[in-house]
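Please look through the structure shown below before reading on, and keep it at hand while following the text.

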Amino acid sequence: MTGVRHASPARALLWLVALGGLAVAVRRYLYGLGAVSHLSDRFPWGLWVGFDILCGVALAAGGFTMAAIVHILHLKRYEPLLRPAIVTGFLGYLLVIIALMVDLGRPYRIWHALVMWNPHSVMFEVAWCVMLYTLVLALEFGQSVLERTGRTALLRLTHLALPPLVVVGVILSTLHQSSLGSLFLIVPGKLHPLWYSSWLPVLFFLSALAVGMAMVTVEAVASARAFGRTLELPLLADLGKGTFAVLAVYLAVRVADVVARGVWVLASAPTLEAALFRAELWIGGIAPLVLLAAPRIRRSAPGLAAAASLVVLGVVLNRLNVTVTGMLAASGARYVPSWMEVLITAAIVAAGLLAYLWIVEHLPVFGEEARPGAPAAAIVPAGRSGAPAPPWQPRPAPRPLWPTKEPMLEEVPAGAVEREAESVDRGLRDA
Amino acid sequence: MRLTRRQFLQVLGAGSLGVAYLSAARPAAAGRLPPSAILIDIARCIGCRSCEAACKDVHGFPPGESSDLGVRAWTYVRVQRISRPVPHLTLGEASAMQRTYKVQCMHCVEPACASACPVAALRKTPSGPVTYDAGRCIGCRYCMLACPFQVPRFDWQSPLPIIAKCDLCAERLARGERPACVAACPAEALTFGPRPAMLAEAARRIAERPGRYVRAIYGQDEAGGTSVLYVSDVPFEDLGLPAVVREPLPAYTWRALGKVPAVIVGLGAMLSALEAFSRRRRRPEREGGSPARPRGVQP
């Protein structure tokens, strides 16, 4: 049995952390940001911007990466990975907005960027892109809701709108993933030269691509373990090749940029920045590249999970270095996040996990694991006594892009799910 | 009938051209006035803090000496120990080891804060001041990050905080008065006027006393030029004034931001083409040779 039952200790802990964060948020709204954070006039952006916002957006990149693979490159066999990626993407952006509600001085004015324009501001562009892309994700995510409610006429309409929607989503993602790097182009004197570069937008975009695919992998492995699902291992191994390629390009550009700017010597200096730069390079770049390059490791679930986790760790490290540690020296300030800042960040992560669990239990997120075409090399995690995967059946046209099936969860009464699936099937047949 | 309509249109056209000319001419005439600037002569400053007191008085802030900029301290007089003794112009040997000088918003000619602000709460006015509209501010603090002089302050103790910084007494300027701090200075360390004139005055002082003044004007090129200028008899780095790039900071982000329209068009075309291409290429092999329609019309 797994740790995600409704009343499991893990879930109780998540609720506890989320409620703790809520309490800190209340304190922030009563007494100001100074009462909960160690931010200061000399160090106005800290953990929240660095992790909750910059890492949040980067780690949610799986949504647009997978959408591009499935709907633009038409590599349809990756479809089973798409919907979980869109769910995490959508959740990720919602969490970023929640983080902004705490971090912004006047959160109720967040809509100002829509009507009070400053096209010269990178933040203005990011605000627009994030808002529009969250809308795109909501529409893509809305398909699961429509399938659940069995509204097939609307569902067909969304299928018609999907290709242009995906193109728009990829453009918006390219823009704001890179622009989060452009935000720091205005601080040439403040950001440490190991990170400050006119190539920041390119580097942010490339690393977002890589971490998007890595997050999809991490999520697939984690949910396979948590929900006792079978793992789409051959698919993930192929995705690992993609991660390898993008990561290799990223690492090459990153190193070439540091060398070309003549600051490579700083990487071997006995400073905190140099150590963090090397950690970024080895943990998030070279180590996962080595792991992914070996076919035997790439085709094993633990190997893939380790490599993908390292990519995620490397990108988190990079974003925190750009926002926090790389900015410290020039600011003349001391900044270590307060425990309340950490609790808010942890609460946002906990809220995301709880929301994800709820969605997975109530909406058709996971497609069928094994199709007739796909090789059935799937692992069945320990503790799950071989519940048979339902046989995949070709559906009458119109075929939904994500064929529905009953979620394989012990909590959901099997009868209810089957009834639901039947009603959806009936609806599809009638249409 | 036809003729009169043409005549009517001609009159209308001439009239609207005239209106357009007049309305275009007025801001152009206003724009020709050079922006104002404050020239701060650190050699003359005696550290009396009259400027600081006047600023707090005018803005209704609590009186007293400040040791840093703050939400209720838009300017203050910094007391700076210096590494090499230089006798003070008026205070002599007693003040050889320290200098005092006024610190405030530099009112950049091309301000990083104004370019960074997503809601255009911070703006460069043609007459010089960089003003702040608290009613627009969302409190994102990107201006604080962007400012190379670390000037904008944030009300960390307020539940709904806003940004605070010197506005160069924009309201007084509009009435034709000088900024309160300049008007209060008893030592003639502060001079106010058009920026070109202030640069000329700074150059004149340096040229007249070459042995006394450092041969540089802080703010002439810093961050692309500022509307607060310093001349000094002690090197600026010794005074703790930050070394700032010469290029206007908005240019750094604009180099990336300016490519956005091209990225939208280029990427849009590329992705659409790629989508169409791979759909055509993939379908036959996927559907086992039967080119099924995407939305599957069943016979």
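Predicted model: local features only at pLDDT ≥ 70, side-chain atom pairs only at ≥ 80, totals over all residues.

Chain B contains nine helices and nine strands, and of its 299 residues 37% are buried. When contacts in chain B between residues at least 6 apart in sequence are considered, 60% of them join residues that are at least 24 apart.

A part of chain B to examine is an open sheet of three strands, which has the order S8-S1-S9 and mixed pairing. Because S8 and strand S9 (228-231) of chain B stand at the edges and each have a single partner strand, one side of each is left without a neighbour in the sheet. On average, and with direction ignored, neighbouring strands of this sheet are turned by 25° against each other. Strand S1 (residues 36-41) of chain B runs parallel to S9(B), and four bridges join the two; B:Ile40, for instance, has B:Tyr230 in S9(B) as its bridge partner. Helix H7 (residues 195-208) of chain B lies across S1, S8 and S9 of chain B, and runs at about 135° to S8(B).

Helix H2 (residues 50-59) of chain B has as its buried residues B:Cys51, B:Glu52, B:Cys55 and B:Lys56. These residues lie on the same side of H2(B), because they cover an arc of only 130° around the axis. What do the buried residues of H2(B) pack against? Their partners are strand S2 (76-81), strand S3 (98-103), helix H6 (180-184) and strand S8 (190-194) of chain B. Just after H2(B) comes B:Gly60, which takes a positive phi of about 75°.

Two packed helices are described by the angle between their axes and the distance between the axes. The axes of helix H4 (residues 79-103) of chain A and helix H8 (residues 200-227) of chain A come within 10 Å and cross at roughly 105°, so that H4(A) is roughly perpendicular to H8(A). On the side of H4(A), the contact is made by A:Leu81, A:Pro84, A:Ala85 and A:Thr88, while H8(A) brings A:Met215, A:Val216, A:Glu219, A:Ala220 and A:Ser223. Sorted by class, the residues in this contact of H4(A) with H8(A) are six nonpolar, two polar and one charged.

Is A:Val70 buried or exposed? A:Val70 counts as buried, because it has 23 C-beta neighbours inside 10 Å, where 20 or more are required. Leaving aside neighbours within four places in sequence, A:Val70 is in contact with A:Leu75, A:Lys76, A:Tyr78, A:Glu79 and A:Leu82. A:Leu82 is twelve residues from A:Val70 along the chain, and the C-alpha atoms of the two are separated by 7.4 Å.

The last topic is the contact between the chains, to which chain B contributes 54 residues and chain A 50 residues. On the side of chain B that touches chain A, at least two residues each come from helix H3 (112-116), helix H4 (142-146), strand S6 (153-154), helix H8 (250-257) and helix H9 (260-286) of chain B. H9(B) gives the most to this side, with 13 residues. By class, the side of chain B that touches chain A consists of 34 nonpolar, eleven polar and nine charged residues.

Terms used
Residues numbered from 1 in each chain as written. Chains lettered and ligands numbered in written order. Contact = placed C-beta atoms within 7 Å. Nonpolar A, V, L, I, M, F, W, Y, C, P; charged D, E, K, R; others polar. Buried ≥ 20, exposed ≤ 12 C-beta atoms within 10 Å, placed from the backbone. Arc of directions from axis to C-beta. Pairing = 2+ DSSP bridges. Axes fitted to C-alpha atoms, helices over the stretch in contact; angles between N-to-C directions. Parallel < 35°, antiparallel > 145°, perpendicular 65-115°, else oblique.
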